[in-house]
Amino acid sequence: MTRAPGGPVPETDLSVSAPKGVAGGIPAVVSSARHTLGEMGVVRTLRTLSRLNQVGGFDCPGCAWPEPGERSPVEFCENGAKAVAEEATTRRVSRAFFARHSVADLATLEEFELGKQGRITEPMWLAPGASRYEPVSWDHALDVVAGHLQALPSPGMAAFYTSGRTSNEAAFCYQLFVRNFGTNNLPDCSNMCHESSGAALVETIGVGKGSVTLDDLHRAGLVFVVGQNPGTNHPRMLTALEKAKANGARIVAVNPLREAGLLRFKHPQRPTDLLGRGASLADLYLQIRVNGDMALFQALGRLLVEADDAGAGLVDRDFVDLHCDGFEEYARHVRGLDWSVVESATGLERTEIEAAFDLVASTDRIVVCWAMGLTQHKSSVPTIREVVNLLLARGSIGRPGAGVCPVRGHSNVQGDRTMGIYEKPDAAFLDALGAEFGFDPPRAAGYDVVDTIRAMRDGKVRVLVAMGGNFASATPDTSVTEAALRSLDLAVHVSTKLNRSHAVVGREALILPCLGRTERDVRAGRPQAVTVEDSMSMVHLSEGTLPPASPALLSEVAIVCALARRTLGDRTAVDWEQLADDYDLIRERIARVVPGFEDFNMRVRRPGGFVLPHPPRDRREFPTPSGRAQFTVNTLEVLAVPDGHLLMQTVRSHDQYNTTIYGLEDRYRGIHGGRRVVLVHPDDVAALGLAEGQIVDIVGIHGGVTRRAAAFRVVGYPTARGCCATYFPEANVLVPLDSTAEFSNTPTSKSVVVRLVPASAAPG
Ligand code: SF4
């Protein structure tokens, strides 16, 4: 649907059917084939998919779910196939397209339509005062960027964003360039997803990453899947859950929405599954209220402590005494928990929580997996601390088959952080970086995503460089963010395809087209491979084989090194050309700066790569200041939702990966041919005096400011009472920039208080 001049109009092709009760199966095969064959044709599809996630092949540009040690010839899911098709498409955005369409025209196209134009083939420049992008040489493009950066009164007036697709080598060079330039302004997509996980885990167990391997998941006795929809967002996780169940695990799904991928699964690549009913997954499905998870885990803690007080021996005293601080304070706190508060926060019956507790009591091999449903609330960090409290009390960290499992979204988002893409780097990292490259890195903390938007809005950041991603659509408070982007002197986007950010520009803009994962990367006559780190800290190689979409494309590494050389001139002692021509040399430097990467070049060439050290997982050592894991005491606050309002969460559709929209189908939820829907419990639809199918505006008020998302169709849906769900980026306009998680500054996209008003009503 094109954006009409007066704003969005209702989608006429939208239809709704009953939500599905099973994920995968023949529809997944058909959908994969439709996307891949439609974008790539038969030969290219076979050639590409046969190398996807294989040893010696390329890493899926989709999510960060790990590959098993033993791989099948078809080691990808429907969404991986879509991600590859999106990148390896044979469509191209020609010069003629840019000549035909002004930037104002591009701004009228939906994200889906922009993406479908195909790959960008040469650097494009929007000159000051121009209305259209025009092709330019790389030389000219580099001069434009260097000229702007050199002219800034201070390095802190530029910000350098990173999306989680960026390889380890490109990310390492990028942060080196930025710090050599003189700033730590390195916002990244992690600021908007698992920042809360990192903050809570560093504080409590000393490492901000998950502590389980795939093998742990397969061996677990109990798996919680909390605030996560793996059927759509990490589909191969369903294979791991299926295996865990076959090995005897029980699964508890905790989610406000009933999601097909948590109910049943038919493995799309197993012919016997296609005809049968598939494997059942969740043994217990807790349809919790949005933002109720902290109360749930505190209640489980209370039941555990009470059972232990009664002599059940469920607290792992040996582990707690040997490795943890703060258990008694924690126990005292949860003993005083008020059940009525728990019930109103969670919307669950006490008996449901007791059923979950019975499973907790039945095994000490407990894994808790989570995603954005836990990380994007004001109380996200305390909520994840409560997850850790429960696991510590059961001794379920550093035990085979047990641990914390924050499931990462973008394919190398974890690796980018490991490589130093972080606005608040620790002193040890900066010391090592400075010693290795002979400069004094800046020490002051830089801007994260939210602070970058504020700084752009306030005129403190004048240049934005974005390594991949789609800043305008990935971020909250669309109107504020887009106004901030339009105020810039220069925006630079390293991209493979068009997206909304290219159409929301200030005085001058550049699109620098780069190679994708699927493509051959040859430097100085030699093929190069990059590396990535998955959600379980495995580091491995990725090497594309397709001919590049255009001979004018450069790799992300080459672009970063060229930008650094041109910008820094004789202010740098780094031989950027050498690094750009041989990625082994970058890996040698990484090995000397980043702990855990010793013998990087040798170890990453082993089949499957290597796993990074994780002291709590490996040795039950906790690198916190005290050297012990920390129980924490967290005050439970129930989000107040006034009468007539709902608590809204933003979600993805099944035809979507982050801000990339592959199509207009959300097959499992029964939404077809459109995206402007708001999913509401049928009883709430009636209680609010609305009707299913009615077109409404969604209105939020925060800090005295009214925000409105227009023309959404009301869909009656099995979600928790008092809650609703909408797709992002369409609903990002409702997420206030100034509503962020405590301790992580992540926008609270999963708990926005809204009301639904008939579409014709005046704002207010
Ligand atoms: S589970 Fe994630 S990494 Fe694996 S194929 Fe699917 S999208 Fe790609």
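Here are a few notes on the domains of this predicted model and on one of its helices.

1. Some ground rules. Residue numbers start from 1 along each chain as its sequence is written. As the model is predicted, local features need pLDDT of at least 70 and side-chain atom pairs count only at pLDDT 80 or more, while totals for chains, interfaces and linings use all residues.

2. The chain is assigned domain 1 (116-193 + 419-614), domain 2 (196-407) and domain 3 (640-758); such bounds come from an automatic or database domain assignment. Between the C-alpha centres of domain 1 and domain 3 there are 32 Å. Their contact takes 15 residues from domain 1 and 13 residues from domain 3, where contact means C-beta atoms, placed from the backbone, within 7 Å.

3. On the side of domain 1 that touches domain 3, at least two residues each come from α23 (449-457), α24 (471-474) and α25 (478-486). The most come from α25, with three residues. Helices here are DSSP runs (H or I, at least four residues), and strands likewise (E, at least two), numbered from the N terminus.

4. Now have a look at α18 (residues 350-362), which has 13 residues. Ile 353, Ala 356, Phe 357, Leu 359 and Val 360 are buried in α18, that is, 20 or more other C-beta atoms lie within 10 Å of their own, with C-beta atoms placed from the backbone. They lie on the same side of α18 because they cover an arc of only 155° around the axis, taken from the directions from the helix axis to the C-beta atoms.

5. Thr 351, Glu 354 and Asp 358 are exposed on the other side of α18 (exposed means 12 or fewer such atoms, and partly exposed is in between). The cover over the buried residues of α18 includes β8 (222-226), β9 (250-254) and α14 (293-309), among others.

Definitions and conventions:
Two residues are in contact if their C-beta atoms, placed from the backbone, lie within 7 Å. The expected span of a helix is 1.5 Å times one less than its number of residues.
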